[in-house]
Amino acid sequence: MKLLRQILQNMRILGAVVKRNILVDLRYKFQIFVEITWTTVNVLAFVLLGAAWDATASPAGVPYSMVTFFLVATGFFTVFSGVMESTVEAVTEESKLGTMGFLITNSVSPTTIILGRYIAATIRWLIVLFVIVLPPLVFKGVYPNTLSLVFSSILVFFMAWIFMAGFTLILTSVSLIFKRTTTFNKVGIYIVRFLSGAIVPIFSFDSSFRILGKPLSNILIWFPPTYALETLRWLFSVQDEKSIVSGGTVSKDGLVYGSFNSIFHMNATNFGLNDPTLQLMYLISFVFLLLSGLFSYWLTQVSRRWGTIEFY
Amino acid sequence: MVVNAIECQHLTKTFKNPQNRDGLTVLGDITFHVKKGSTLAITGGNGSGKTTLLKVLATLFLPDGGNCKILGLDLVKQASEIRERISFVSAGLDFQRKLTLRENLEFFAKVQGSSVEPAFRFLNEMNMMHIIDQRTETFSEGQKAITRLAIGLMKEKSEILLLDEVTLGLDVTRKEEVIDYLTKSIRNKTLLIVDHDSDVIERLCEQVLILKPGGFVDTIVSVDQLMKSLPYSHEITAIPKRYLQDRDIKEIWPHFVRSGGIIKFYPENKRQAERITNRLLKTDLMSSVQARKIDLNDYAIRYSQSSLTELI
C-alpha cells in the first residue's frame, strides 16, 4: 500500500515536471526555431550525400536508395541527440534557478527532474521529427505501410528511447557533483552526434573489417540504440529493396526479417511483442535504465553529503 | 507522544572538495531542541552555519555526524516522511521566468501535493492577485519574496516551517503586512527562521538560537532577553573630512566610539538617531554619514561577546 502510494506520488510529480517543461519549452520559440533549423540542415546534408552516392554507386553494389537509407537513420539519431542535449542541462538549470533545494525538500528527486525533462524534450523533438523528417520520407513513399510495421516501428523506437533515457540519466546526474554541464556531458552528446553520421557507413561497409571474427556491425547490433537504428531503417526503407527480389510480388514483412537475420545472424521473427530479439533488447534497456536510476540515486546522496546539490 | 519538533545532538556537517580534502567544517557541534509549536530564530555572525543548519534540518544536506530527530523521525533514515511534514523556503528560490505566477504556483502545489488556494489567499492579502497571470520575469525582488512565501504557505499540512531570509527584498510596509499574516497563519506550527531583521524576529519568535563561528551553539535565549541586552537601537557611521578632536565630536553628541578614521554613534532610539544624523549633516565636517537600524546579528554578536556595556 505504501509502495503504491509512493508510485502514485512519483507519477504525479513526474507529470507536473513534464507539464512545466513543456510550457517553458513552448515559450522559448527561438530555441525551437534553432532546433528545426539544425535538424533541417542535418537532414539536407545527408540527403545530398545520399543523392551523390546514388548518382555514382553501381546499382548492384547498393541496391536501394541511399537517400532514404541516410534520411531514416539521421532523422532518428538527430531526435535522440536533440533530446539528450536538452535534458543534459536539467540539473544545472534547476540549480541556477535555485529550485533544486526546494524540489528536493518536497520529495522531487533529481531522477524525476531529469526524466521529466527527458519526456518533455522527447515530445518537442517528436514534433520536429514529424515536421522535418517524416514528410520527405512519406513523399518518397518510404514508410512502414502496414499496421504491424507501424506498431513494430513504435516498439523499436520506444525500446531505444528507454535505453537512451538511462544513458541521459547517467550523463545528467554527473552535474549533481560538478554543478555545471561539464566536458563529460558534452563528450556524451558528441558521441551520439558522431554516431548519427558514422553509424550508417559502418553498418554498410564493414564486411571486410572484422573484430573477433565478426563484422563490426554484427557486434554493434547488440547495442540497443544501434539495433533500433538499423531496424527502423529496415522497417521504413525496405520497399526500396523490391528490385533485388525476383519472382513477382514480395511480402514486405517477409523481406524484412529474412534479410535482417541473414545479415546480422539474428533470429528476429516479426519485430513485434513476441520477437525474442526485441524482447532481449527491451530487457537490456530496462536493466540499463534501472542501473542508471541507482547511479543517479547514489550521486544524489553523494551530492547531499558534499553539499553540491545546491549552491551554498 | 513526541513533544519536541526538533531534537539535535552533536550534529556536524563538513563540506569536502578536491581542493580541501579535509573539508570545511560548517557545523562543528550543534545540540539543541525545539518544542512543538515553538518559534525559534537562528542567528550568528557570517560563517556560523545558520543557513546550512536550516538546510540540514530541511533534509537537503546530509549531516556527517550526530543524530537528529524531526517530529520523532530520524533525519537521515526517514527523510521522505519528514519532507511530507515540513515546509522549507529559501531566499535563493527563484521561478521559471517564462511561466506566469499562476503556472508557477500550480506547479509547486502539484509537487507538494497541496492545494494552491492558501497561496491565493496570501497573495490576495498582499494585493498581488492582479498580477497572477503575469510572467515572473517581470517581477521585482519584493514580489518574488512574496511569491516564495506563498509557495511555503501552500503546504497547509506542514507542521514545521523553515524560513531562510524570506523577508529579504521587502519594503517596510510589505514586511509589516507579511509579519501580520504570518503571525495569524502559523499558529500551532513550529517555526524556524533565519532573518537579520530584529523587527521580524521580535514579532515572530519566542527564542533565539545564537551560533558561534565554526557552527557551535553559543546559547539559546528568549527574544525579550536578547532585545533588552543592547542599550542602543541604531548605529551611525560618520567619516570626517579631516581629523577631528574629541571635543569637536562631543559638541555634536557626547557619546561616540572611534574606529580608525571612522566615528560611530549608538543612539538609544529612533528620535535620538535622527537628532545625531541632522547635527552631523549640518556641521559640514563629514564626508559621509550612514545610519542603520541594529539588526539581529548585532544583538547576537554583542550578546555572545558580552561587551555591551563597553560602548555606553
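Modeller: Happy to! This is a predicted model, where local features need pLDDT of at least 70, side-chain atom pairs count only at pLDDT 80 or more, and totals for chains, interfaces and linings use all residues. Residues are numbered from 1 along each chain as its sequence is written, chains are lettered from A and ligands numbered from 1 in the order in which they are written, and side-chain values use heavy atoms, with hydrogens and water left out.

Biologist: Are H5(B) and H6(B) roughly parallel or roughly antiparallel?

Modeller: Helices here are DSSP runs (H or I, at least four residues), numbered from the N terminus. The axes of H5 (residues 141–154) and H6 (residues 172–185) of chain B come within 12 Å and cross at roughly 5°; axes are lines fitted to C-alpha atoms over the stretch in contact, with angles from 0 to 180 degrees between N-to-C directions. Angles under 35 degrees count as roughly parallel and over 145 as roughly antiparallel. Therefore H5(B) and H6(B) are roughly parallel.

Biologist: Which residues of H5(B) make the contact?

Modeller: Contact means heavy atoms within 4.5 Å. On the H6(B) side, Arg174(B), Val178(B), Tyr181(B), Leu182(B) and Ser185(B) take part. From H5(B) come Ile146(B), Leu149(B) and Leu153(B).

Biologist: How far apart are the centres of the domains of chain B?

Modeller: The domain assignment, automatic or from a database, gives domain 1 (4–229) and domain 2 (234–293). Taken over C-alpha atoms, the centres of domain 1 and domain 2 of chain B are separated by 37 Å.

Conventions: Helix = DSSP H or I, 4+ residues; strand = E, 2+ residues; numbered from the N terminus. Parallel < 35°, antiparallel > 145°, perpendicular 65-115°, else oblique.
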